[in-house]
Amino acid sequence: MSEQKLEIFNVLNFLNNGYELEKILKEGQFGTFPSAQDCINYLVGEGYLEGEIGEIESKSSESEKLTAEEISKKYTVADLKDILRENGLKVSGKKQELIERVLPVLNGETESKSTGSLDDFKKPADLTLTDKAKEFLKENEWIDLYMFALVAFRFEDYETYVANSPLDMIETGLKFCDEILSRAIMVPNQFLVFIDALSAKAHVYAYAGDYDSFLDYDLQRYILGLNPIYLDAQSYASYDVINEANIINLKNVTKKLKMGSLKKRFDRIWTKSHIRNTTVPKKTCYKILQRALDDADIEELNFDVKEKYFNKKFGF
């Protein structure tokens, strides 16, 4: 039921925030429901939505799939090339080659930029949230915080934690992160969990509008990413020294908000991090950060930093 509860909340929450039903259904994932239509049927049947249910017109039905002959009759070469171009596919070749290339796109068998990769919907009648739905959203507001900040951790674990917490939503999220940080730092192979929890705590602060604290914890996540407490061979094999999402977050906050001197804040967070075993020296660490924030290629930076500082030290 926990996973279904998460799906129900997301659909209702998007509707409550003004998103159109068709867009939600096309972009959503409905793991516990056979289809998006079943999800809507459930929400109406359980009294979360009221109004008539629109029908879904699926493009994936075998009986409705276009044949190569039908496409040949319906589309000109120019039409086919336009469709291929819109979907980032090769546009050269004879008409039969274009048809073979466009066939899976038009039949919804591949991701399409112009038509979408999931089912198309007939415009449903207006469905509105009931009082039951609004009460459900209010009682489960913590799910919105989970989706914003804590998706790196199991939903069921956080649901249980919330149910047993006497604190408000933000304090509960922060304490949850603190407990993970306290446990993870004591176990050698839990370093990746540790930095995930740092990032999660930063996002809890961002959700609350505290961007000073957000920047502090996201900076610490960056610094420790370049100076890991521990890395085993399995973790290192797929380890990104510089996390691209982390850099994007730092870039957005430092560019859009007046947060004071980044260098002074960096120095303070470096000291706070109590780094005992430096991998990338402090000055170099800051220079790399500046390059990343100035739109340097993150993949190339990762390669260079691993080659110069990590490979020899960790010996993998």
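Let me start with a term: buried means under 20% relative accessible area, exposed means over 50%, and partly exposed is in between, using a 1.4 Å probe and protein chains only. With that, take H274. It is exposed, because its relative accessible area is 56%. H274 sits in the loop between α15 (262-272) and α16 (282-293). Its phi is near 50°, a positive value in a residue other than glycine.

Some ground rules. This is a predicted model, where local features need pLDDT of at least 70, side-chain atom pairs count only at pLDDT 80 or more, and totals for chains, interfaces and linings use all residues. Residues are numbered from 1 along each chain as its sequence is written, and side-chain values use heavy atoms, with hydrogens and water left out. Helices are DSSP runs (H or I, at least four residues), numbered from the N terminus.

Next, D295. This residue is in the loop between α16 and α17. D295 is not a glycine, yet its phi is positive, about 75°. D295 is exposed too, with a relative accessible area of 53%.

Now into α17, residues 298-314, where we find N302. Is N302 buried or exposed? Buried, because its relative accessibility is 9%. Contact here means heavy atoms within 4.5 Å. Leaving aside neighbours within four places in sequence, N302 touches D240, V241 and I242. A polar atom of the N302 side chain lies 2.9 Å from the backbone nitrogen of V241.

On to helix pairs. Two packed helices are described by the angle between their axes and the distance between the axes. Axes are lines fitted to C-alpha atoms over the stretch in contact, and angles run from 0 to 180 degrees between N-to-C directions.

First pair: α5 (residues 77-86) and α6 (residues 95-106). They pack at about 45°, axes 10 Å apart. So α5 is oblique to α6. Oblique is what remains after under 35 degrees (roughly parallel), over 145 (roughly antiparallel) and 65 to 115 (roughly perpendicular). From α5, the contact includes V77, L80 and I83; from α6, it includes L98, V102 and L106. By class, this contact has 9 nonpolar, no polar and 3 charged residues.

In α8, D144, L145, F148 and A149 take part; in α11, A200, H203, V204, A206 and Y207 meet them. The residues divide into 7 nonpolar, 1 polar and 1 charged. Nonpolar covers Ala, Val, Leu, Ile, Met, Phe, Trp, Tyr, Cys and Pro; charged covers Asp, Glu, Lys and Arg; the others, Gly among them, are polar.

Notes. Helices (H or I, at least four residues) and strands (E, at least two) are DSSP runs, numbered from the N terminus. A polar contact is a pair of N or O atoms within 3.5 Å; within protein, one must be able to donate a hydrogen and the other to accept it, and residues adjacent in sequence count only if both atoms are side-chain atoms.
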